[in-house]
There are 2 protein chains.
Amino acid sequence: MKAVHSLTAAALLGLGSGAVAAEDAMLERAQMLFEPIPQSAADHIGDRNPITPEKVELGKMLFFDPRLSASQTISCNTCHNVGMGGDDNIPSSVGHDWQRGPRNSPTIFNAVFNVAQFWDGRAEDLTEQAKGPIQAGVEMNNTPSNLEATLNSIDEYVGAFEAAFPESENAVSFDNTAKALEVYQATLITPDSPFDQYLKGDTDALTDQQLAGLDAFMNKGCVACHNGVNVGGQGYYPFGVINRPGADILPEADRGRAQVTETAADEYVFRSPSLRNVELTAPYFHSGNVWSLREAVSIMNDAQLNSLLTEEDVDNVTAFLRSLTGKQPEVEYPVLPISTDETPMPDIPDYPRPTGAEG
Amino acid sequence: MKAVHSLTAAALLGLGSGAVAAEDAMLERAQMLFEPIPQSAADHIGDRNPITPEKVELGKMLFFDPRLSASQTISCNTCHNVGMGGDDNIPSSVGHDWQRGPRNSPTIFNAVFNVAQFWDGRAEDLTEQAKGPIQAGVEMNNTPSNLEATLNSIDEYVGAFEAAFPESENAVSFDNTAKALEVYQATLITPDSPFDQYLKGDTDALTDQQLAGLDAFMNKGCVACHNGVNVGGQGYYPFGVINRPGADILPEADRGRAQVTETAADEYVFRSPSLRNVELTAPYFHSGNVWSLREAVSIMNDAQLNSLLTEEDVDNVTAFLRSLTGKQPEVEYPVLPISTDETPMPDIPDYPRPTGAEG
């Protein structure tokens, strides 16, 4: 995969119109390989679960409501923090009873554009995905029936579900909870990054170093797994195809997609993550043990590209990746309706309280 | 404390102009005992820590930033949720390593108007208060030096501190963190409740039952401890002055203000809580074990008023308390700056991760 239209080469040779032609060719190639984040994900979800204002509003309440968890202390936003790039910036999330999740929490931003959800792609869309953490013992540790009882005990939620799902006989349901969450999360997208401005024809939107990084990214292999609207998130690939990283980065016990498909060929295969807003989502990889973006690029270079990238390329690709940070969603914090006498109690394992102490 | 200007009595007697006179007299008495929440707390804080837009903006970032905690997973908003009445609606908060706090988390809304902070008043203002949870082992478990190192590692925070505290030589400090938090929290006030509209002269703002409740509240003793702008929060009183509640409500080990003053007379003395937005802040009391507002009123009636309130009074006072819910703050979620290579790592006790599992 040798660079054909290398900007660096053209620039070094000082070609006048040749350099412009190379720039044009690179933009054209980028436009073939990637797409800008659109201003709305409505077309992407389509008729399966149409985006309506009522569903967005309900989904937002649910997203921020800690009563989705058994302890009533953990909300979706706890691990997919809208102020922190849509994730929690720790190796793996802290859930019910301070248990640790097995994999790094992926960003919710632009997740709607991924081909499937979770690191192993076991949920085909965000509706199916939403049902996972709510029930996972190490995350929210809730049950569909307890959640439905909670929501049914609060009139304002019942009304919001009926407004969002007028066609449903039982509007307040676990399924509709997940659907509303999908629709709200589909609004958490980040258009207008410098790279998107570039893709739309503004060749000044990237710095020279970022352009050099894009050149290496496209011509030295990264793009094979990281392409499309999300610069990744579109397919499944073995991690460590050339050199397997150490156990801190690729723990032996987590066999990735093989655990979903029960197929030997899927051992240590993962869905390539989106690189959108990647500078905001450290630490990196499913194991979440790498904090530096440059180091993550370097590890990928070794594991996947047989070190085809030079040290300078690694610098440049890292700079390019920082151009993928888009406009962060503007979120007004929802005012949540209060619990009632019928609301199930929070289930908090009975740690003794310190006695006679402050608070 | 017999009712002198009793609306109920006047209404029952069907007095025409007499009823109007009684209504006027009740409003006048209420205006002497209470004050509406102002639109700004600027006058209240005054020159001690002036409210500036730069401090509000910085304080908001800090309030929502989980990096104030050692684990980098717990923010002020975790236990003082701006979407849930400014508290967390569980008996006592879940903190570092899933430890439980000793007392129910008080609402941050209108806290700026309290005479002092914490259930025992041991912090004289919100600046001093903010330093408590950040360092408490069962809450955020952080240290001033680790927090300062965190903030100093992030250029955007350094700039925000310098803009907020131009007079400080070392703008990024634990003290200034607390000051910025105080200023932001001083914006979390809830004016324009029905009761405030009533205090401003709109006698239709309360229902007949709420008016009857206000009448009982003022004339049967509640007002002795719950008065002023916050309908409470202004002084210290023994809990169980007539009848001591059971140990689930008044645990023996927590001697209240006596632990601060080391004075026998302060045994089981607490700062009376504000009743502003009280319908949003269940469960009730410092022990947080009473979920029903009516039951809380009933317990106070027994413990403090020698059951002077009739069952109907208890209903009416409960209805009146619901008129104390004001306009909830409109909060746009802040976009937080990212950590850097110099930012201290999150300190999460090393619970083993489930292996080979989902995520």
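What follows is a chat about a predicted model with chains A and B.

User: Before we start, what should I know about the numbering and what counts?
Analyst: Residues are numbered from 1 along each chain as its sequence is written, and chains are lettered from A and ligands numbered from 1 in the order in which they are written. This is a predicted model, so to speak of a local feature takes pLDDT of at least 70, side-chain atom pairs count only at pLDDT 80 or more, and totals for chains, interfaces and linings use all residues, while side-chain values use heavy atoms, with hydrogens and water left out.

User: OK. What rotation puts chain A on chain B?
Analyst: A rotation of 180 degrees with 0.0 Å of shift along its axis superposes chain A on chain B, at an RMSD of 0.0 Å. The two copies are thus related as by a two-fold rotation axis. In chain A, A:Glu332 has the C-alpha nearest that axis, at 2.1 Å.

User: Switching to the fold. How many helices and strands in chain A?
Analyst: Chain A has 14 helices and two strands. Those are DSSP runs numbered from the N terminus: helices are H or I with at least four residues, strands are E with at least two.

User: How compact is chain A for its length?
Analyst: As compact as a globular protein of that length, because its radius of gyration is 22 Å, close to the 21 Å that the globule rule gives for 359 residues. The radius is taken over C-alpha atoms, and the rule is 2.2 Å times the number of residues to the power 0.38. Along its principal axes, the C-alpha trace of chain A spans about 75 × 50 × 40 Å.

User: How much of chain A is buried?
Analyst: Buried residues make up 58% of the 359 in chain A. Buried means under 20% relative accessible area, exposed means over 50%, and partly exposed is in between, using a 1.4 Å probe and protein chains only.

User: Which non-glycine residues have a positive phi?
Analyst: A:Asp97 has one, at about 60 degrees, and A:Tyr268 has one of about 60 degrees too. For background, most residues other than glycine have a negative phi, and most peptide bonds are trans.

User: Are those two buried or exposed?
Analyst: A:Asp97 is partly exposed, with a relative accessible area of 23%, and sits in the loop between α5 (76-79) and α6 (126-135). A:Tyr268 counts as buried, at 7% relative accessibility, and its loop runs between α12 (258-261) and β2.

User: What does A:Gly233 touch?
Analyst: Leaving aside neighbours within four places in sequence, A:Gly233 is in contact with A:Asn114, A:Val115, A:Arg271, A:Ser272, A:Pro273 and A:Ser274. A:Gly233 is buried, with a relative accessible area of 0%, and lies in the loop between α11 (208-219) and β1 (236-238).

User: And A:Gln31?
Analyst: A:Gln31 is in helix α2 (residues 16-33) and is partly exposed, at 38% relative accessible area. With neighbours within four places set aside, A:Gln31 is in contact with A:Leu199 and A:Gly201.

User: Last one: is A:Pro53 buried or exposed?
Analyst: A:Pro53 is exposed, with a relative accessible area of 64%, and lies in helix α4 (residues 53-64).

Technical notes
Least-squares fit on C-alpha atoms with pLDDT ≥ 70 in both. Contact = heavy atoms within 4.5 Å.
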